[in-house]
Amino acid sequence: MSDTQWPRFELFLQDRDGRPHTNVGTVHAPDAEMALLNGRDVYARRPNCISLWAAPSAAIYAKTAEELTEDDSWQTETPPDDAPERAWYVFQKQSQRSAMTYVVHTGEVQARTAVEALQKAIAAYDDPEKPTWVWWVCPAEAITRSSEEDIDSLFIPARHKPYKHPQAYRTVTAMRKIKAEQEGQS
Amino acid sequence: MNEETKTALANKLLAWADDELILGHRDSEWTGHAPILEEDIAFANIAQDEIGHAILWYTLRQELTGETPDEMAYFRDATEYRNAQLVELPKGDWAVSMLRQYLFDTAEMILLSHLQTSVYRPIAEAAAKMRPEEIYHFRHTSTQRLK
């Protein structure tokens, strides 16, 4: 079945300085620039954001912990020697608690293929105290990033608009008042 | 400020505010009907920004004439509006709306960059506030135009 949609991009959002980027979801977009612009409207309208990354879903090599144990061929695969090494970003899901985000950026490895990147990521970042449910590796060059200059136009406007948050509408207080008035009259 | 200047300024603010309000409304007609989900969301955000700009200009005008933004938005007849004809044109198809928004955004980029140096401080401040949002609008619609 052919996909008539635009290609899919994964969005990664950094809400504050010093915090890692986390995967917040996907958009369909014709290219990375539109993925960032539309991703900002879909995922960064209410949450705090200082940096947004977009990567084509097709560029991401993803494995769940289950998949890794079911088929362990990944452990023994060796890449061809003449393949060039490049930087791969590592993302892991180690918590089941957050509903709105998925994997978190945890580090970087040098590797020649996706599988080698995964091997090295697991070797470097696996923590028996805190099991990883999902592993993603993605070539660093596949990621398109918002820049420092973008912060003013892309992310600051949302901060001046508290009316976009439900807390700005004191409906519970209003309803209680109305109910009290009605009960006072009856 | 003498009366003549005040009147001229109030009329100018009215024209700018009406542009934003009517354009915001036309844009909002696409909510739920745009051809692409992500574009629907983005365009609704643009519509919301434009109406926010309208409120800003009406509020500045209120300082001169006393009329509130609500009065201007809800209690006027069609003949009392001073918007450009471009913004009231029917929304047409998606390409038409995108192009209209692109033309408006381009004009706004030029206008707002000049207004930031206005000797009338409220206008300079309002323009500075709107500009980041317009930069995003322009980036969005000019990128779309090329696709």
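Trainee: What makes B:E29 and B:R26 a salt bridge?

Mentor: This is a predicted model. In it, the closest N and O atoms of B:E29 and B:R26 are 2.7 Å apart. The cut-off is 4 Å between a side-chain nitrogen of Lys or Arg and a carboxyl oxygen of Asp or Glu, so the pair qualifies.

Trainee: Why is B:R26 called partly exposed?

Mentor: Its relative accessibility is 22%. Buried means under 20% and exposed over 50%, so B:R26 falls in between. B:E29, with a relative accessible area of 32%, is also partly exposed.

Trainee: What makes A:E141 exposed?

Mentor: A:E141 has 60% relative accessibility, and the cut-off for exposed is over 50%. Its salt-bridge partner is A:R86, with the closest N and O atoms 2.4 Å apart. A:E141 sits in the loop between β7 and β8 of chain A and A:R86 in strand β5, so the bridge ties together parts 55 residues apart in sequence. A:R86 is partly exposed, at 29%.

Trainee: How do you know that A:K120 and A:E85 form a salt bridge?

Mentor: The N to O distance is 3.6 Å, and the rule asks for a distance within 4 Å. A:K120 lies in helix α3 of chain A and A:E85 in the loop between α2 and β5, so parts 35 residues apart in sequence are tied together.

Trainee: Which salt bridge joins A:D150 to chain B?

Mentor: A:D150 pairs with B:R139, the closest N and O atoms being 3.0 Å apart. The count between chain B and chain A is 2 salt bridges. A:E33, A:D150 and B:R139 are linked in a network of salt bridges.

Trainee: What else describes the contact between chain B and chain A?

Mentor: The contact takes 17 residues from chain B and 21 residues from chain A. The buried area is about 1800 Å², with 55% from carbon and sulfur atoms. On the chain B side, B:E38, B:Y136 and B:R139 lose the most area, together 36% of what that side buries. There are also 8 residue pairs in polar contact across the interface. Two elements of chain B, α2 and α6, each give two or more residues to that side, and α6(B) gives the largest share, 8 residues.

Trainee: How do you know that the radius of gyration of chain B agrees with a compact globule?

Mentor: For 147 residues the globule rule gives a radius near 15 Å, and chain B has 15 Å, so the two agree. Chain B holds 6 helices and 0 strands, and buried residues make up 46% of the chain.

Conventions:
Residues are numbered from 1 along each chain as its sequence is written. Chains are lettered from A and ligands numbered from 1 in the order in which they are written. This is a predicted model: local features need pLDDT of at least 70, side-chain atom pairs count only at pLDDT 80 or more; totals for chains, interfaces and linings use all residues. Side-chain values use heavy atoms; hydrogens and water are left out. Contact means heavy atoms within 4.5 Å. Buried area is the accessible area (1.4 Å probe) that two parts lose on being put together, summed over both. A polar contact is a pair of N or O atoms within 3.5 Å; within protein, one must be able to donate a hydrogen and the other to accept it, and residues adjacent in sequence count only if both atoms are side-chain atoms. Helices (H or I, at least four residues) and strands (E, at least two) are DSSP runs, numbered from the N terminus. The radius of gyration is taken over C-alpha atoms; the globule rule is 2.2 Å times the number of residues to the power 0.38. Buried means under 20% relative accessible area, exposed over 50%, partly exposed in between (1.4 Å probe, protein chains only).
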